[in-house]
Amino acid sequence: MIQSNFPWVESPFFKQILKTKNLSEEQKKLATAYNRDGFIVLSDFLPLDLIDRVRKDAEEMAFNKDFPIKTYRDEQRVQDFWQASKASKELAAYQPIIDLLSMLYGREAFPFQTLNFSVGSQQRAHSDTIHFSSLPAKFMCGVWVALEDVTEENGPLFYYPGSQRLPEYNFSQIKESAKNTSYEDYTDYEDFIAGIVAVNNFEKKTFYAKKGDVLIWSSNILHGGSPVLKAGSSRWSQVTHYFFNDCYYYTPMLSNMVTDELFLRLKIVNIATGEKVKPSYNGEKLSYLKTNKTQYIFNNSGNQSQSKLSLLLKNLFRKNK
């Protein structure tokens with residue numbers, strides 16, 4: 001069998017690999033759909049009492065301005081509410097979901113971020129890979145859970161099946177300059193993705209979810225939030241983002257993808273265990289050097305040259321402070 005450094009469910013050799021897997025018929029069906037479309041939908045998968053508890057906590061704490069939140073919060077979303085809500089953490093760490101993701105990707109999944117929404121996001125089409133990426137690539141996915149029914153009125157999710165097979169676009173393909181980028185450049189990324197959608201023949205799908213429905217999507221599938229047609233309508237939901245063991249993790253949006261200076265995510269916590277994640281690359285610990293306040297380059301060329309390069313970069317960093 002040809003080796004490939006992809007999650008097996010996203011491998012070019014998926015069909016050959018599938019034949020070697022000892023899976024149930026239901027698991028084969030889910031894996032095949034995920035490989036083809038870049039997403040799967042699960043109904044009646046989560047306990048409804050858990051759904052109700054997450055929504056109750058979100059209403060009473062997450063979006064209650066009198067309740068102190070240490071992480072990011074605005075009128076639309078709260079990041080990492082799991083730190084304050086036992087129910088939100090329980091949903092993010094729900095073992096049957098982790099087991100399913102681990103089966104699909106061939107590595108143990110772990111939740112590292114939650115986003116709780118009270119209304120539809122109305123986000124333009126994007127891929128999660130601009131925010132979360134990994135080495136090896138594509139070992140990341142998102143899980144969206146409806147905490148209430150979603151109709152065309154309250155801003156349902158939309159997505160483009162098959163778009164996960166596009167390249168992982170970043171600013172090295174979008175901007176001519178090699179300057180560092182930030183979230184101030186995000187609109188340029190959204191405009192670029194809108195152009196990509198326009199020149200491809202993707203079918204747009206809208207997800208009219210029932211309370212408790214679960215949508216699992218590939219890191220690179222293009223998706224977003226539809227307009228809210230009924231003013232004042234809610235769309236309670238929780239998104240959990242998952243990485244997989246034995247990778248390095250980084251944020252392309254805040255990296256310089258031209259010079260391969262990466263914004264490494266070195267303080268990731270496994271929500272399920274509360275433990276800090278120790279990154280590696282297929283079992284190998286890589287050396288990396290800091291090039292500025294937020295970015296790093298990998299260097300595995302030997303201890304002596306590494307020491308010289310490290311000293312040079314440290315001196316340059318001090319001068320440029």
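This is a predicted model: local features need pLDDT of at least 70, side-chain atom pairs count only at pLDDT 80 or more; totals for chains, interfaces and linings use all residues.
Local features need pLDDT of at least 70 and side-chain atom pairs count only at pLDDT 80 or more, while totals for chains, interfaces and linings use all residues. Residues are numbered from 1 along each chain as its sequence is written, and side-chain values use heavy atoms, with hydrogens and water left out.

**View 1. Helix α3 and its buried face.** Helix α3 covers residues 48–62; helices (H or I, at least four residues) and strands (E, at least two) are DSSP runs, numbered from the N terminus. From first C-alpha to last, its 15 residues reach 20 Å, close to the 21 Å expected at 1.5 Å a residue (1.5 Å times one less than the number of residues). Leu50, Ile51, Val54, Asp57, Ala58, Met61 and Ala62 are its buried residues (under 20% relative accessible area, 1.4 Å probe, protein chains only). Down the axis of α3, they fall within an arc of 130°, so they line one face of the helix; the arc is that of the directions from the helix axis to the C-beta atoms. Their cover includes β2, α4, β3, β5 and β10.

**View 2. Where α2 meets α5.** Gln27, Leu30, Ala31 and Tyr34 in α2 meet Leu100, Met103, Leu104 and Tyr105 in α5 (contact means heavy atoms within 4.5 Å).

**View 3. Around Lys89 in α4.** Beyond neighbours within four places in sequence, Lys89 touches Trp82 and Ile271. The C-alpha atoms of Lys89 and Ile271 sit 6.9 Å apart, though 182 residues separate them along the chain.

Key. Buried means under 20% relative accessible area, exposed over 50%, partly exposed in between (1.4 Å probe, protein chains only).
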